[in-house]
Amino acid sequence: MGRAAIVLFLAIVGLIVSLGWSVALGAADIDISTVWNAVVAFDPLNTNHQVIQELRLPRAVGAALVGGFLAVSGAVMQGLTRNPLASPSVMGVTHGAAFSLIVALVFFPEISNVGMMIASFIGAGMAVLLVIAVGSFSSGGLTPVKLALAGVAIGGMLSSLSTAISLHFQVAKQMSFWYAGGLANTSWTSVKVLVIAGVVGMILAVAISKSMTVLSLGEDISKGLGQNTMLIKSLGVIVVFLLSGAAVSVAGTVGFIGLVIPHITRFLIGSDYRLIIPVSAILGGWLLVVADTGARLVNAPYETPVGAITAFIGVPFFLYLARGQRGSM
């Protein structure tokens, strides 16, 4: 517990520092003292304060929430399926949510943020059901690698359908944000949507965290200890729907955070999900805040898609994990 407390403390400090760094740096750098004053003593006549409050601060807070939600979704999926390759991006959840959002935007162009969130939930659920169904049809049952391969296949199919629909209805330019992933359009309204979904999702995640620790040891052991594994899995699916659906509705298809962060967290603090859930949330938020800041600075004044930054980190990690799972195929 002492080591976990130290890791959690350092993660929180790192997240706070990265948030300040993210708000201060941009097309025009702003010193930290101005950032602090804009937060605690906002002056509506100060241009820098307006930029911070209306543009940079909601974007930084949104990045922290999206990263945290994706990390927790990945941790929950890995715990429920006992699959080290499971994550919202690898399992096709983010592609399903994005596909549903594109369909909603094409047929309901005036859709509200709440409507977009609901659409992303439907798409996420559809993707999970498709992945499980496809993976289950293979001989030998649903192994971790087969589940990952099914997720990649379904994700690719949904991504292709999304591209075809956006080209046919001439909204490809509008939807390029969702394909690449980014936080440029994040507003305080977006943050409110994230908070509403996040409160429910995180409460449920914490509520089942102790049971997930036992379930990760094996379903037979969990049942032997009197746990209702079906209820735990159902609540876990709801957590993934809420958190990843809300994240995709705001940031698009940002990949690999849900894959990388849970593994790093388990390496640092062990396999107790009562600790994995909060630490993953903080580390995931930190990673996406740093990635988003890098996306704004690496080719300034133009923005690099944040999904490209996270993929640069996540793809080698995924290949390393997949190589270690060859015997499960």
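Arg296 is buried in this predicted model, with a relative accessible area of 13%, where buried means under 20% relative accessible area, exposed over 50% and partly exposed in between, for a 1.4 Å probe and protein chains only. Arg296 is found in helix 12; helices (H or I, at least four residues) are DSSP runs numbered from the N terminus. Neighbours within four places in sequence aside, Arg296 is in contact with Ser22, Leu25, Gly26, Arg59, Tyr302 and Glu303, contact being heavy atoms within 4.5 Å.

Residues are numbered from 1 along each chain as its sequence is written, and side-chain values use heavy atoms, with hydrogens and water left out. Because the model is predicted, local features need pLDDT of at least 70 and side-chain atom pairs count only at pLDDT 80 or more, whereas totals for chains, interfaces and linings use all residues. The mean pLDDT (the predictor's confidence in each residue, from 0 to 100) is 82 for the protein, and 91% of its residues reach 70 or more. Confidence is highest in helix 12, at a mean of 92, and lowest in helix 7 (residues 172-180), at 66.

Helix 12 also takes part in helix packing. Two packed helices are described by the angle between their axes and the distance between the axes. Helix 8 (residues 188-215) and helix 12 (residues 273-297) have axes that come within 7 Å and cross at roughly 140°. These axes are lines fitted to C-alpha atoms, for helices over the stretch in contact, and angles run from 0 to 180 degrees between N-to-C directions. Helix 8 and helix 12 are therefore oblique to each other; angles under 35 degrees count as roughly parallel, over 145 as roughly antiparallel, 65 to 115 as roughly perpendicular and the rest as oblique. On the helix 8 side, the contact is made by Met202, Ala205, Val206, Ser209, Lys210, Met212 and Thr213, and on the helix 12 side by Tyr273, Arg274, Ile277 and Ala281. Sorted by class, this contact of helix 8 with helix 12 has seven nonpolar, two polar and two charged residues. Here Ala, Val, Leu, Ile, Met, Phe, Trp, Tyr, Cys and Pro count as nonpolar, Asp, Glu, Lys and Arg as charged, and the others, Gly among them, as polar.

The axes of helix 1 (residues 2-24) and helix 11 come within 9 Å and cross at roughly 135°, so helix 1 and helix 11 are likewise oblique to each other. Arg3, Ala4 and Val7 of helix 1 meet Phe267, Leu268 and Ile269 of helix 11. Thr265 lies in helix 11 (residues 257-269) and is buried, at a relative accessible area of 0%. Beyond four places in sequence, Thr265 touches Gly270, Ile276, Val279, Ser280 and Leu283.

How values were computed:
Helix = DSSP H or I, 4+ residues; strand = E, 2+ residues; numbered from the N terminus.
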